[in-house]
Amino acid sequence: MAGARSSLGYLKPYRRAVAGGVVMMVATNLCSAGMLTYLGRGVQAVHDGRVSDVPRDVVMLIAFAAATAVTRILSRVWIFNAARAAEYDLRSDLFGHLMTLSPGYYRDHPTGDVMSRLTNDVQTVRAMWGAGAVHLANAITAFGTVLTLMLMLDPTVAVLSIIPYPLIFVTGQALSKRVYRTTREVQAELGTLSSRIQEDLGAIQVIKTYGLEELRRKGFLAGSQRLLDKNMAAALVRVQLGPILNTLAPLGVAILILVGGRAVIHHDIGVGYYTEFGALLGRLVWPTLTLGFMLALVQRGRASWSRLVELQQTRTDLADSSEPPLAASAQPARVEVRELSVHIGGRAILDRVSFELAPGTVTAIVGRTGSGKSTLVEALCRLIEIPPDAIFVDGRDITRIPLASLRAQIGYAPQEAFLFSTTIADNIAMGYGGGTAIPAARARELERAGAIAAAIDLSGEPKVTAAAVAAGLTRDLAVMPDGLGTIVGERGITLSGGQRQRVALARGMAAMPRLLVLDDSLSSVDAETEQLILGHLRAVMSGRTAVLISHRVAAIKDADQILVIDQGQIVERGSHDELIAAGGLYGELYRTQLQSELGVTRKEAV
Amino acid sequence: MAAVAPAGPIGPVGPRRSGLEAEAVLGKAYDIRLMRRLARYVRPHTALLVGWVALMGVRTSFELAQPAFIAYVLQHHILGGAIDVLPLDALGYVGLVIGQNLTSFCEQWLVQLAGQRTMHDLRISIFDHVLGQRAAFFDRIPVGRLMTRMTNDIENLNEMFAQGAITIIGDVLKAVAIMAIMLVWDRELALMTFVTLPLLFVIVEYARRAMRTSFRQIRVRLAAMNGFAQEHLFGIRVVQLLGRGRIAQREYNEINAGHRDAYLLQIRADAGMYALVEAIGYIAIGGVMWWAAGHRLIPLGAGQSATQTAATIALIVGFIEYINRFFEPIRDLSAKYAVMQGAMAASERIFQLLDTDERDGDAGDTDATKPEWSELGEGPTKRQLSGPAVELAGVHFSYGAEPVLRGVDVRVIRGSTIAMVGATGSGKSTVIKLLTRLYERDRGAIRIDGVDVRDIPLAELRRRITVVSQDVILFAGTLEDNITLGKPYTREQMETAIRRVGLDRALARRGTGLDTRVAERGANFSAGERQLVAFARALLRDPEILVLDEATAHVDPEAEELIEKGVAELMKGRTTLVIAHRLSTIRNADLIVVMDKGQVIEQGKHDELIARGGFYAALERTFRRQTADPA
């Protein structure tokens with residue numbers, strides 16, 4: 001990674017292509033100058049009646065035109081390709097880095113912001129490398145050659161007729177800044193309108209049942225009108241740009257008519273030179289225009305680059321350990337938590353929590369929303385930073401176990417079941433390190449099927465099918481078009497909340513982990529299916545240590561121990577019967593929360 | 001989703017298409033069918049467009065007068081030695097330039113205005129279309145996709161105006177005009193110039209095809225790359241727990257490389273087209289010079305006069321200028337082409353959404369002049385006030401193939417409270433969705449005051465029934481906005497409602513009143529406070545029928561007490577249907593309806609059901625034994 005160094009570090013591997021491109025660009029401008037020289041000579045020859053000279057001039061003109069085209073193509077292709085290649089490297093580095101940042105970072109930085117860096121900022125930097133480099137180099141060489149040529153033809157006419165050009169440059173730069181600013185304002189307004197649409201779509205049932213369509217429409221109308229106004233303000237600047245610059249540029253031609261025309265009449269220059277002057281002035285217009293834009297582009301590119309450097313320099317707050325990994329073992333894990341305290345944002349989320357998970361036992365954790373249950377589970381998987389000597393797995397402090405080794409021991413099924421947009425089989429196989437987030441169909445569509453080697457059909461993989469059965473997916477899979485090969489998410493079928501949770505559960509179980517953590521992972525599953533899964537789960541959990549967070553009595557009442565957490569502390573512990581008999585917080589939670597799902601009670605009642 | 005992205009939009013149909021989604025839709029740069037549909041939205045702004053076209057003509061005249069002017073000045077004044085006229089000539093030229101650019105400014109402004117206004121109208125149309133859809137529509141189509149249609153796609157379409165790509169029309173006009181001028185000026189020379197046109201056509205066509213392919217690839221791969229990144233950032237916890245960081249980067253790079261390579265063709269095509277078109281321009285210029293020198297000078301032989309030479313030079317210079325102006329827009333064609341193609345693809349997606357219509361089937365007789373229901377209430381002849389307030393008879397309903405309700409019969413007496421009890425998925429919530437017609441029942445009848453809900457205009461139906469759900473949604477704005485929901489109530493009415501449901505105490509703690517700011521989704525209000533706001537809302541609406549989905553979420557005991565008081569106030573003397581979770585609510589109900597697997601398995605008063613010793617009795621026993629609830 002280039003780190004804080006200039007972004008040009010990324011172009012270094014492609015310096016030969018860039019250098020070649022710049023050389024070609026100089027050649028382009030020289031050829032183009034030659035082309036115009038012979039244009040002028042041709043006209044002069046016609047004027048002087050040297051008809052026999054004209055064919056030679058024309059042949060030279062065409063030869064130079066062809067050379068201009070070839071060199072121009074080469075310079076553009078080489079430089080733009082180099083910029084794209086460097087963009088690839090930058091993107092790859094950034095994405096790899098983002099994958100190492102802790103979940104804590106993403107809590108503070110919305111995904112949208114991070115995505116915007118990975119997309120918009122990278123694009124801006126690439127534009128600086130590609131378009132910026134091409135046009136800047138072009139402008140410089142164009143001015144160099146054209147000015148030299150003009151000065152050689154006639155210094156007076158040259159100096160006078162390029163008077164408007166600095167003006168074009170200054171105006172172009174000022175206007176492009178205004179374009180940029182007004183465009184930003186449009187983007188901001190668009191963001192506001194998007195939030196509003198999101199709010200409305202999220203509240204669609206309320207809007208319908210309360211008959212709020214007209215009210216919300218009025219608000220949307222106003223928002224859309226504001227966007228229209230901002231867009232028109234931006235349009236006003238954009239619409240000025242062309243006409244103003246296109247008025248300034250021909251001033252050079254007007255001056256040429258005046259000064260050059262006089263020079264022709266006084267026989268200071270020939271009519272061929274006059275024509276050549278006109279053509280040369282025309283060739284300066286585009287580089288002058290782009291110079292203004294490109295300076296703005298480079299400024300923006302540098303701002304984006306500094307944002308990327310900032311992102312690149314963010315280090316994960318989870319220090320990985322370089323000590324040896326956990327010893328391989330088929331035995332269930334033994335976990336010990338000693339006086340674990342976790343503070344987030346100055347608030348104690350967990351306060352001196354101690355307990356032990358004996359190998360092969362099931363521990364249930366209950367508590368109200370916000371009591372610290374999920375933080376405890378995150379601490380166990382070391383998704384958040386914890387103090388040393390607080391959690392031990394097989395007698396080793398987990399802060400001194402390499403993260404990958406620790407997490408490989410744990411099968412985790414969260415409540416917010418997150419699935420990748422790939423096949424169900426791939427999602428499950430990810431539990432044991434298999435599977436791919438790019439399903440075969442997608443790889444074919446991207447026309448890189450050969451390269452994406454991992455895109456193989458896992459529907460028949462025994463580890464996958466066994467986990468799917470254990471998670472109670474059999475019936476659901478039977479009605480899906482491609483069974484385990486069905487793609488989930490935006491481009492595939494939409495799974496219900498319960499189905500998603502069960503696929504995530506299957507993923508957790510496919511790992512055959514030594515420690516299985518179920519974080520309220522059956523909350524969206526209906527009671528009947530839950531019973532089925534709990535049946536399978538008992539079989540799966542035997543021979544493993546398990547931690548279970550749930551609101552449901554049926555799920556937790558058979559646990560070996562139940563820990564009740566309140567305000568970051570373990571307030572009660574024991575078996576279901578012991579805790580009910582004690583009549584404490586567990587009893588109360590049981591009444592108000594656990595029983596709210598009457599379906600569960602029904603199973604007990606009948 | 002099938003309806004949103006039908007299997008066969010335009011473009012080649014083949015095996016590769018399967019699985020392709022919205023962003024892969026590849027429009028032509030000009031699609032007549034889409035343009036015609038767009039025209040419907042542009043039509044209200046016809047006056048602007050007429051002005052635009054008129055100015056286009058004026059601007060083109062100013063512009064195309066310039067080469068002729070330059071040639072004229074060269075021929076008659078410069079080569080004619082008329083030194084005194086030169087300042088006037090320079091001024092005249094500047095005048096033409098200013099005229100061109102002033103008109104150009106107005107012309108562009110008009111087209112921007114027409115474009116922006118059209119986009120505004122289109123945005124509103126989509127919004128209305130989407131909001132008019134049945135609830136089932138939103139179950140199928142992800143919110144993200146709807147958002148993209150209303151924001152990004154509209155912006156992409158707008159680029160057609162914003163980037164001036166729409167001026168392709170003007171460019172074609174200009175090209176035709178230039179050809180006409182050249183033909184009139186010197187037919188042979190003009191035809192000689194046009195010899196290069198087939199070559200030009202071949203190059204442009206090749207580049208167009210290359211770009212078409214390349215844009216499709218770029219769009220698909222860019223979407224895939226960003227989708228992949230977004231998904232992995234969103235699921236970073238899972239990515240890390242599964243130790244997939246390295247694998248993810250490898251996979252990302254596969255798509256990243258595809259994205260990079262997709263540009264290779266585009267870069268080549270773009271550079272090639274620009275450079276070759278420029279070169280052909282100069283070849284044409286060379287040809288003109290050669291021809292002019294050979295055919296316009298030679299016949300005159302050595303005796304050619306100065307005036308004839310001047311005319312020939314003016315001819316050459318004029319043709320050079322015209323050829324340059326002819327080739328210039330063609331050089332920029334690729335950029336405009338990209339914009340047009342993006343715009344067409346966006347409009348294709350927008351129209352697909354507009355074609356997906358699952359509108360609420362409203363009672364046919366709805367019209368704006370319908371009296372408010374409170375006025376209707378004064379004509380009691382219309383309703384059987386003796387019958388049940390709400391009646392469900394043999395109601396069946398299924399989501400897709402899965403039956404949810406299988407013959408439900410419920411009668412709610414006016415002014416009574418009925419409690420619905422049952423497991424998650426037993427169909428309680430569905431009953432409410434059918435009653436308010438968020439969904440349509442498959443079979444059976446649902447009547448309010450003896451009138452089928454399908455015969456009651458939706459607006460009226462939803463005015464008469466107010467649903468308070470457990471997940472209260474607040475809108476960004478003020479508390480007042482959230483309580484009144486846009487209806488005019490007096491300050492006194494609002495304050496009374498707030499007091500009656502006990503929201504005043506919560507507000508007193510904050511030290512704010514009706515002007516309290518509400519953050520997006522009510523994030524700055526606790527669950528309990530949100531409940532109270534919903535109660536105040538409902539109280540102000542004063543509905544005939546109240547439907548209450550009792551909250552299961554645990555709130556602190558003080559809030560719990562407040563909420564219970566608020567609910568009692570709300571239910572007073574009103575026909576109420578409660579999806580009950582609290583034993584106290586269930587016990588005090590006039591009727592308890594126990595649901596299981598989409599059917600009513602028991603109903604009656606608390607005591608009756610206990611005496612019957614069925615399911616409810618067993619349920620209640622468990623409750624009592626395990627909680628010793630004194631209620």
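Biologist: Which residue of strand 11 of chain B stands opposite B:Ala419?

Modeller: This is a predicted model, and in it B:Ala419 stands opposite B:Ile592, a residue of strand 11 of chain B.

Biologist: How do you know that strand 3 and strand 11 of chain B are joined?

Modeller: Two strands count as paired if at least two bridges are found between them. Strand 3 and strand 11 (residues 591-596) of chain B run parallel and are joined by 5 bridges, so by that cut-off they pair. Strand 3 of chain B also pairs in the parallel sense with strand 10 (residues 575-579) of chain B, over 4 bridges, and there B:Thr417 stands opposite B:Thr576.

Biologist: What makes strand 3 of chain B largely enclosed by the rest of the structure?

Modeller: A residue is called buried if 20 or more other C-beta atoms lie within 10 Å of its own. In strand 3 (residues 417-422) of chain B, 6 of the 6 residues are buried, so the strand is largely enclosed by the rest of the structure. B:Thr417, B:Ala419 and B:Val421 point one way, while B:Ile418, B:Met420 and B:Gly422 point the other way, and all are buried. For chain B as a whole, buried residues make up 45% of the 631 residues.

Biologist: Turning to chain A, why are strand 6 and strand 10 said to stand at the edges?

Modeller: Six strands of chain A form an open sheet of mixed pairing, in the order 6-7-8-3-9-10. Strand 6 (410-413) and strand 10 (569-574) of chain A each have a single partner strand, so one side of each is left without a neighbour in the sheet. Neighbouring strands of this sheet are turned against each other by 15° on average, direction ignored.

Biologist: Which helices of chain A lie against these strands?

Modeller: Helix 11 (residues 373-380) of chain A packs on the sheet and touches strand 3, strand 7, strand 8 and strand 9 of chain A. Helix 17 (residues 497-510) of chain A lies across strand 6 and strand 7 of chain A, and runs at about 175° to strand 6.

Biologist: Which residues touch the most other members of the largest nonpolar core?

Modeller: That core has 286 residues, and the ones that touch the most other members are A:Ile428, A:Ala506, A:Val517, A:Leu548 and B:Ile316. Its largest share, 25 residues, comes from helix 10 (residues 245-297) of chain B.

Biologist: How many residues of chain A are in contact with chain B?

Modeller: Here 131 residues of chain A are in contact with 131 residues of chain B. Helix 2 (residues 54-100) of chain A gives the largest share of the side of chain A that touches chain B, with 26 residues. That side divides into 73 nonpolar, 36 polar and 22 charged residues.

Biologist: Where in chain A does the pLDDT stay under 50?

Modeller: It stays under 50 over residues 594-606 of chain A, for which the model has 35 contacts beyond four places in sequence. The mean pLDDT of chain A is 85, and 93% of its residues reach 70 or more.

Note on methods
Residues numbered from 1 in each chain as written. Chains lettered and ligands numbered in written order. Predicted model: local features only at pLDDT ≥ 70, side-chain atom pairs only at ≥ 80, totals over all residues. Buried ≥ 20, exposed ≤ 12 C-beta atoms within 10 Å, placed from the backbone. Helix = DSSP H or I, 4+ residues; strand = E, 2+ residues; numbered from the N terminus. Contact = placed C-beta atoms within 7 Å. Nonpolar A, V, L, I, M, F, W, Y, C, P; charged D, E, K, R; others polar. Axes fitted to C-alpha atoms, helices over the stretch in contact; angles between N-to-C directions. Core = buried A, V, L, I, M, F, W, Y, C linked by C-beta atoms within 7 Å. pLDDT = per-residue confidence, 0-100.
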